[in-house]
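Open the model in your viewer and keep the selection panel at hand. The stops below go from the ligand to the sheet.

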Amino acid sequence: MRSPRWLRTRKPTAEELIPPRKALPKEARYAKMRDFRQAGVRFLDTAKAKGLEPHDRVLDLGSGPGRFAVALAGFLDDDGSYVGLDTSKPVIDVGNEWIASKLPNFEFVWADVFNASYNRKASEKAAAYRFPFDDASFDFVFSNSLFTHLVPDDASSYLHEIGRVLKDGGRTLNTIFLLNEQSVGAIEGEDSRHYAPHPLGDVARAKRADRPEAWIAFDEAFVRDAHAQADLQIEEIRYGSWSGREPTGPGFGTKDIIVATKP
Ligand SMILES: C[S@@+](CC[C@H](N)C(=O)[O-])C[C@H]1O[C@@H](n2cnc3c(N)ncnc32)[C@H](O)[C@@H]1O
């Protein structure tokens with residue numbers, strides 16, 4: 001859908017882009033509860049600190065209705081562009097209607113793959129899904145709260161796809177829950193907020209056996225190995241406060257943040 005002429009002459013403000021609360025589907029409750037704009041600004045500040053540039057082509061995996069997109073609209077220049085990919089059709093529709101229709105270099109693309117929490121009817125597994133983008137076509141791949149909802153095979157496959165679509169020298173920043181010596185000890189016991197008693201193979205743990213995608217944490221060794229297999233070199237891990245530890249550096253949210261590059 002092409003934007004009206006008056007909008008093409010200047011960039012829309014964040015207020016003009018943010019979908020109204022009543023337009024957000026129930027899957028996007030998190031965006032209703034928290035400040036849509038402020039969350040995006042925090043994502044952007046961290047992404048900039050990790051090398052995001054205004055001319056970058058950005059892929060936002062598990063984009064939701066576009067909290068990062070709205071912040072990027074004020075940062076990317078005319079050479080930059082944004083693609084949001086999500087398995088929930090309603091959030092993709094909202095992103096296209098309220099955000100991409102007003103910005104020529106922005107789009108939201110539906111990934112019709114199975115997720116027990118967000119797209120139950122799909123038959124294709126995320127593990128078998130090839131992103132609908134060319135090799136080496138993005139400078140920066142971002143995700144917030146996506147890997148926390150992917151089972152291990154899906155997570156390895158998504159990292160492989162990130163490695164495929166990133167240009168050489170491109171970067172990826174993803175949030176995740178990492179199981180390591182500190183976090184495993186801290187979340188043991190039923191009174192822990194993040195008690196996750198259900199093993200997924202020997203590489204991850206879930207809170208719920210019936211719907212593991214609701215909350216998944218991964219062994220750090222598995223995640224490091226999956227990055228290496230995907231030709232992604234981990235540059236930095238910022239351990240967040242989710243397990244009760246002090247965060248090891250700046251970032252956003254309480255999850256762990258992994259920054260990696262494609263050499
Ligand atoms: C907690 S939401 C976070 C949304 C967004 N990143 C934000 O912070 O506003 C997780 C999103 O991941 C999407 N998702 C889950 N599984 C997915 C998959 N296999 N591929 C793409 N998106 C997925 C969900 O539909 C949901 O919109």
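**Stop 1: the ligand site**

Select the ligand and its shell: 19 residues surround the ligand, and G62, R67, D86, N144 and Y158 are the closest. Here, near means that a heavy atom of the residue lies within 4 Å. This is a predicted model, where local features need pLDDT of at least 70, side-chain atom pairs count only at pLDDT 80 or more, and totals for chains, interfaces and linings use all residues. Residues are numbered from 1 along each chain as its sequence is written, and side-chain values use heavy atoms, without hydrogens and water.

Colour the shell by class: eight residues are nonpolar, nine polar and two charged. Nonpolar covers Ala, Val, Leu, Ile, Met, Phe, Trp, Tyr, Cys and Pro; charged covers Asp, Glu, Lys and Arg; the others, Gly among them, are polar.

Now show polar contacts (pairs of N or O atoms within 3.5 Å). A polar backbone atom of G62 sits 2.7 Å from a ligand nitrogen. R67 places a polar side-chain atom 2.7 Å from a ligand oxygen. In the side chain of Y158, an N or O atom is 2.8 Å from a ligand nitrogen. The ligand taken alone exposes 600 Å², and the protein buries 97% of that (Shrake-Rupley areas, 1.4 Å probe).

**Stop 2: the sheet**

Select the strands (DSSP E runs of at least two residues). Seven form an open, mixed sheet in the order β3-β2-β1-β4-β5-β11-β10. Pairing takes at least two DSSP bridges. β3 (106–110) and β10 (233–238) are the edge strands, each pairing on one side only.

Zoom in on β2 (residues 81–86): β2 and β3 pair in the parallel sense over five bridges. Pick V83; its bridge partner in β3 is E107.

Terms used: Polar contact = N/O pair within 3.5 Å; in protein donor to acceptor, adjacent residues only side chain to side chain. Helix = DSSP H or I, 4+ residues; strand = E, 2+ residues; numbered from the N terminus.
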